[in-house]
Amino acid sequence: MSAAHPARKRDSAATREAILAAAVVEFTEHGYAAAGVRQISERAGVTAMMINRYFGSKKNLFAHAVDRAFGPSTVVGGLPADLPSTIAGALAERTAPGAEQLDPFLLLLRSAAEPEAADILRQGIEAHVGARFTALLDGSAPDVRAQLGLALVAGTWLLRTVVGTTALATADNDSLAALLTEMLEPVVHRTSVGAPHDNAAGGTEHG
């Protein structure tokens, strides 16, 4: 009996992994609304009942898929000193024609319109890439600055790879990386963020 128990544990882990891997693919390709439990179970080689057994619901499975997709570092990484150039270089390379697609961004794009999915995506972004980026920043409002940086990353990815705007799609990687570095520098290395309303109030008081 004791010898059989580890085998069942390995099968259980393998089944769960197969379901999760299939879910990441289905949600990335079709989005939260269009990806069905039946399609996920067929891709994983299990029954739909097994998905409910391991994950409870499609929503919970999506949350695990988002964690799986956003967990690894794809663009944001490196030392704080050279963070702008590191992010810029990685982004230029990962969005170049023929580069491997950035699945987390596709998952975001195809699922964000669904309110239920958008809330899960927000939590995933903040818990993973948002937290990594924020931790690399010194100075005030690091979370705001990190998310501004992510907005630049996401916007560049969208226009260069999905929409394929001519200037970005045909831009030389090195030239694009240099421009992106310049744009990220004030976001990454700014040590203080002023409060415009305070300045406005001060102007009114002394005016």
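How many residues does H4 have, and how far does H4 reach from its first C-alpha to its last? The helix has 13 residues and reaches 18 Å, close to the 18 Å expected at 1.5 Å a residue. The expected span is 1.5 Å times one less than the number of residues.

The model is a predicted one, in which local features need pLDDT of at least 70 and side-chain atom pairs count only at pLDDT 80 or more, while totals for chains, interfaces and linings use all residues. Residues are numbered from 1 along each chain as its sequence is written, and side-chain values use heavy atoms, with hydrogens and water left out.

The secondary structure of the chain comes to twelve helices and zero strands. Helices (H or I, at least four residues) and strands (E, at least two) are DSSP runs, numbered from the N terminus. Of the 207 residues, 32% count as buried. Buried means under 20% relative accessible area, exposed means over 50%, and partly exposed lies in between (1.4 Å probe, protein chains only). Among contacts with a separation of 6 or more, 68% come from residues 24 or more positions apart. Contact here means heavy atoms within 4.5 Å.

Helix H4 covers residues 58-70. Its buried residues are Leu-61, Phe-62, Ala-65, Val-66, Ala-69 and Phe-70. They cover an arc of only 155° around the axis, which puts them on the same side of H4. The arc is that of the directions from the helix axis to the C-beta atoms. An α-helix has 3.6 residues a turn, so residues three or four places apart point the same way.

Helix H7 covers residues 115-127. At 1.5 Å a residue, the 13 residues of H7 should span 18 Å, and the end C-alpha atoms are 18 Å apart, which agrees. Ala-117, Ile-120, Leu-121 and Gly-124 of H7 are buried. Seen down the axis of H7, the buried residues fall within an arc of 100°, so they line one face of the helix.

H4 and H7 pack at an angle of about 35°, with their axes 9 Å apart. Axes are lines fitted to C-alpha atoms, for helices over the stretch in contact, and angles run from 0 to 180 degrees between N-to-C directions. The crossing of H4 past H7 is right-handed. A crossing is right-handed if the near helix is turned clockwise from the far one by less than a right angle, and left-handed if anticlockwise. H4 contributes Lys-59, Phe-62, Ala-63, Val-66 and Phe-70 to the contact. H7 contributes Glu-116, Ala-117, Ile-120, Leu-121, Gly-124 and Ile-125. By class, the contact has eight nonpolar, one polar and two charged residues. Ala, Val, Leu, Ile, Met, Phe, Trp, Tyr, Cys and Pro count as nonpolar, Asp, Glu, Lys and Arg as charged, and the others, Gly among them, as polar.

Ser-111 lies in helix H6 (residues 103-111). Ser-111 is buried, with a relative accessible area of 0%. Beyond its neighbours within four places in sequence, Ser-111 is in contact with Phe-27, Gly-31, Tyr-32, Phe-62, Ala-117, Ala-118 and Leu-121.

Val-24 belongs to helix H1 (residues 4-34). At 15% relative accessibility, Val-24 counts as buried. The C-alpha atoms of Val-24 and Ala-69 are separated by 7.0 Å, and the two residues are 45 residues apart along the chain. Neighbours within four places aside, Val-24 is in contact with Ala-65 and Arg-68.

Ile-40 sits in helix H2 (residues 37-44). Ile-40 counts as buried at 0% relative accessibility. Ile-40 and Ile-19 are 21 residues apart in sequence, with a C-alpha to C-alpha distance of 7.0 Å.

Helix H5 (residues 83-94) has twelve residues, which should span 16 Å at 1.5 Å a residue; the end C-alpha atoms are 16 Å apart, which agrees. Leu-83, Pro-84, Ile-87, Ala-88, Leu-91 and Ala-92 of H5 are buried. These buried residues fall within an arc of 150° seen down the axis of H5, so they line one face of the helix. They pack against H8, H9 and helix H11 (173-189).

Ala-141 is placed in the loop between helix H8 (129-135) and helix H9 (142-163). Phi of Ala-141 is near 50°, a positive value in a residue other than glycine. At 28% relative accessibility, Ala-141 counts as partly exposed.
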